[in-house]
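This report describes the domains of a protein model, the surroundings of its ligand and one set of paired strands.

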Amino acid sequence: MRDESGAVIRLEDYRPTDYLIDRTELDIRLDRHATRVRATLHLRANAAGRPSAPLVLDGDELRLISLAIDGRPAAPDAYEASPERLVIHAPPASPFTLTIETEIDPTANTKLMGLYRSGSAYCTQCEAEGFRRITYFLDRPDVLSVFTTRIEADRDEAPVLLGNGNPVKAGDAGGGRHYAVWHDPFPKPCYLFAIVGGRLDKVADTFTTMSGRRVDIAVYVEPGKAGDAAYALDALKRSMAWDERVFGREYDLDVFNVVAVSDFNMGAMENKGLNIFNDKYVLASPETATDTDYANIEAIIAHEYFHNWTGNRITCRDWFQLCLKEGLTVFRDQEFSADQRSRAVKRIADVRVLRSQQFAEDSGPLAHPVRPRQYREINNFYTATVYEKGAEVIRMLRTLIGEEAFRRGMDLYFDRYDGTAATIEQFLSCFAEASGRDLGHFALWYEQAGTPTVTARGHYDPAAKVYRLTLTQATPPTPGQLEKSPQVIPISLGLVGASGADIPLSPPATEGHAPGVFVLDGPSATLTFTDVPEKPVPSLLRGFSAPVRLEIDLEEEDLLVLFRHDSDPFNQWQSAQTVATRAILRAVAGDKRAADHRMADALRHFLAMRAASDPAFAAQVLALPTEADIAREIGHDVDPDAVHHARRLVKAEIGAALGDELAELYGRLTTREPYTPDAAGAGRRALRNACLDLLAAGRPAEGEAFALHQFRDADNMTDRFAALSVLSHLPGTARETALAEFAERFRDNALVLDKWFSLQAMIPETGTLERVRGLMSHPAFSMGNPNRVRSLIGSFAMGNLTQFNRPDGAGYEFLADIVIALDARNPQVAARLLTAFRTWKMLEPGRRALAEKALRRVAETPGLSPDVADISGRSLS
Ligand code: PHE
Ligand code: ZN
């Protein structure tokens, strides 16, 4: 095991390497236990580095078999090899070659980094630092090399052999073995390296690029599953066309392959020309995948494909720049999905994720800037802050400079930095140049952690017909950053009149910005609007124009005006959420009738007007804020049980008040049309299932009957699982019977059983911890498979507020046990699970003490991985 738990890596210490590796030739002979890797590295001194420095190559759990320098066996005193390093004391004059032979055991690789086995296949995962588990290398993203890879394997065991780039040669290797040679002409860092070998089925097609080149595209899956890969292949084609149309980006190789594997630490990986996916984000059929699964597949296929330009053609200089590729690529996939589906609904869904993940992270001990300045373990920085807040920063940039300048800036970036490893400064310089603006202050979004709060206070002067809006900003301290400076916050806004129409704005915007865009860049500012004929209701942060918390003293009536009339659908939804949040907060404070009739009336009116025309949006409106949303709103001394009961009370009140409408709408949305995963169908199902969920809260007996019928009658997973999910909240035999039927029906489908594990882990009842323990010995469960662990244990720890936070601390102790046990096997997944404690400091004192105790027990365990040591250490700081 690598022991670097003490080493802090700092951005300011960056320096170029002393050597570069222009070309890398690999010969990989696959074997289950003893895979031989021969790497020939063509090196030269880097002009930007130190002359005649020793050459230090990274390794991780490697065994050196042989070493040659310029083709001759290296003398024993010329080098020093350990599992984690190969040092050449005095490299020869430049250029020179090293031929390194290592032996690795893919079967023993339970960390799923480097070369490992998934099912009966061989596959690799190299980001961030996995390539060093295959051979010794300068394993850092600013070393770009042209790779040629020969893969050899048993023909029976691995008839399919895939690598990066284009296939150049294949043939027989004797003794039942065969080989394939792949060449990738584009220089790339080793984290983008990949190979796959195995017995795999495929679905294939071709894509003709905008300049008329034909690309062979394929999705590879485990034998027998090709039928479930069609949607992913279709999403890939749409992604390729979209990137041409919207960003002018064309694909650059002759082939593009996607491989689905069942053991994968993350969602998917953008290896050049050979994306490797968690099969959860590839495989889909109407019977086994929900509408949400389809949408995720579409988004992640697009995300990895878009990395080909934002990440691969232009990569990161160092891992501090991770958001350069991730924030930008998330922004691109969000835009793609918005274009494929409903833009408003997509924005709402993205903001829900941002708030639940990133705001939670940003308000606790794990808060860090979009571009961190230091890390101990880079694996722990693939976070909602780098990804989701990183995407918000790009979105704000576009709002601030306008769509045209944004596109010019992107073109400039692709032009200028193609083939390089770039920084955030270089990226921003392109937009500064394209827009003629100084983005120096804006860049603070990359440096400063924490979620700013914007407070708005409005005042209307009827005599002068002037409306004044005073905006102030403040960002709470975060670890290592106690003092915060004001940031550049774009606030899209409108003033809504009593009729519901927008009042024309005078001035229309902060000078130089698009209509409705006002920029708050100091601690506070007052906007003065003239010719305002009536007292307006301000609609602020339209489209969620900045990742901030907004505090505004609107009356319930004002919020309902926005809910009914706002021309911005995001704020329509937001105002309904705010009304519901307030009701739940009142219930937390002990108000027994928290949801007043105005809210039910407004929802009734809304459903009558919009349910038919915009069901997907209506479903979002009907979904109450989550328990975690409410807990964050409270912010300190949170009692999760009180939050749960309050939310349940309000949900029951609304469900009861709207019972007739919900039942009627539910019936009206019931169709016998065959399932298709398109947005229109998905919207109708989402609304129908939202009705069922609310109805079951208000009228449990009726809801249970509807749900049971829907559960048995459904012809698709969306409806079946939504029904099961409703039943899961209604204790009794109907629930247990349905759960048993579901498990029996899908007993051979691990991905579907993951849903079943997850649902049970989230039941908000005291018996759940015992249920989860019991499910750990279910034959389909395995601690070795990240998807299983996340669906059962992750759902319990991250998705079950009351039971993870049991007042007796048993939830915490359980998670601590799991993390300690899993750490020895798969540190990345263990560390990720442990982030369930990221909000422990906002709990009431009793739970806080118990959470701290469990965290300490983890932190004090001897022999922890750097991953878990880092998360436990920072969580306690
Ligand atoms: N780079 C991958 C993505 O976001 C995520 C990933 C990181 C996958 C590290 C595996 C390991 O697309
Ligand atoms: Zn990514």
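The domain bounds used in this report come from an automatic or database domain assignment. The model itself is predicted.

**Domains and the ligand**

The assignment gives domain 1 (1–197), domain 2 (200–289), domain 3 (315–447), domain 4 (453–552), domain 5 (554–698) and domain 6 (748–877). From each of domain 1 (1–197) and domain 2 (200–289), the shell around ligand 1 draws at least three residues. The residues that surround ligand 1 include Gln-125, Glu-127 and Ala-128, as well as Met-266, Ala-268, Met-269 and Glu-270. Also among them are His-303, Glu-304, His-307, Glu-326 and Tyr-382.

**The contact between domain 1 and domain 3**

The C-alpha centres of domain 1 and domain 3 are 31 Å apart. To their contact, domain 1 contributes 15 residues and domain 3 contributes 14 residues. On the side of domain 1 that touches domain 3, 10 residues are nonpolar, one is polar and four are charged.

**Two annotated regions**

UniProt, in an unreviewed entry, lists residues 231–442 as "domain: Peptidase M1 membrane alanine aminopeptidase". The unreviewed entry also lists residues 450–552 as "domain: Peptidase M1 alanyl aminopeptidase Ig-like fold". The table sets out the secondary structure of each region and the distance between its end C-alpha atoms.

| Region | Helix | Strand | Distance between end C-alpha atoms |
|---|---|---|---|
| Residues 231–442 | 55% helix | 9% strand | 40 Å |
| Residues 450–552 | 0% helix | 45% strand | 20 Å |

Strand E8 (residues 85–88) has a covered face with Leu-86 and Ile-88, and its uncovered face holds Arg-85 and Val-87. Which strands pair with E8? One partner is strand E4 (residues 55–58), which pairs with E8 in the antiparallel sense over four bridges. Within this pairing, Leu-55 stands opposite Ile-88, a residue of the covered face of E8. Strand E7 (residues 79–82) also pairs with E8 in the antiparallel sense, over four bridges. Here Glu-80 has Val-87 as its bridge partner, and Val-87 belongs to the uncovered face of E8. A hairpin of two residues joins E7 to E8.

Methods. Residues are numbered from 1 along each chain as its sequence is written. Chains are lettered from A and ligands numbered from 1 in the order in which they are written. This is a predicted model: local features need pLDDT of at least 70, side-chain atom pairs count only at pLDDT 80 or more; totals for chains, interfaces and linings use all residues. UniProt positions are given in the numbering used here, feature names are shortened, and annotations may be inferred rather than shown by experiment. A residue is buried if 20 or more other C-beta atoms lie within 10 Å of its own, exposed if 12 or fewer, and partly exposed in between; C-beta atoms are placed from the backbone. Two strands pair if DSSP finds at least two bridges between them. A residue is near a molecule or strand if its C-beta atom, placed from the backbone, lies within 6 Å of it. Two residues are in contact if their C-beta atoms, placed from the backbone, lie within 7 Å. Ala, Val, Leu, Ile, Met, Phe, Trp, Tyr, Cys and Pro count as nonpolar, Asp, Glu, Lys and Arg as charged, and the others, Gly among them, as polar.
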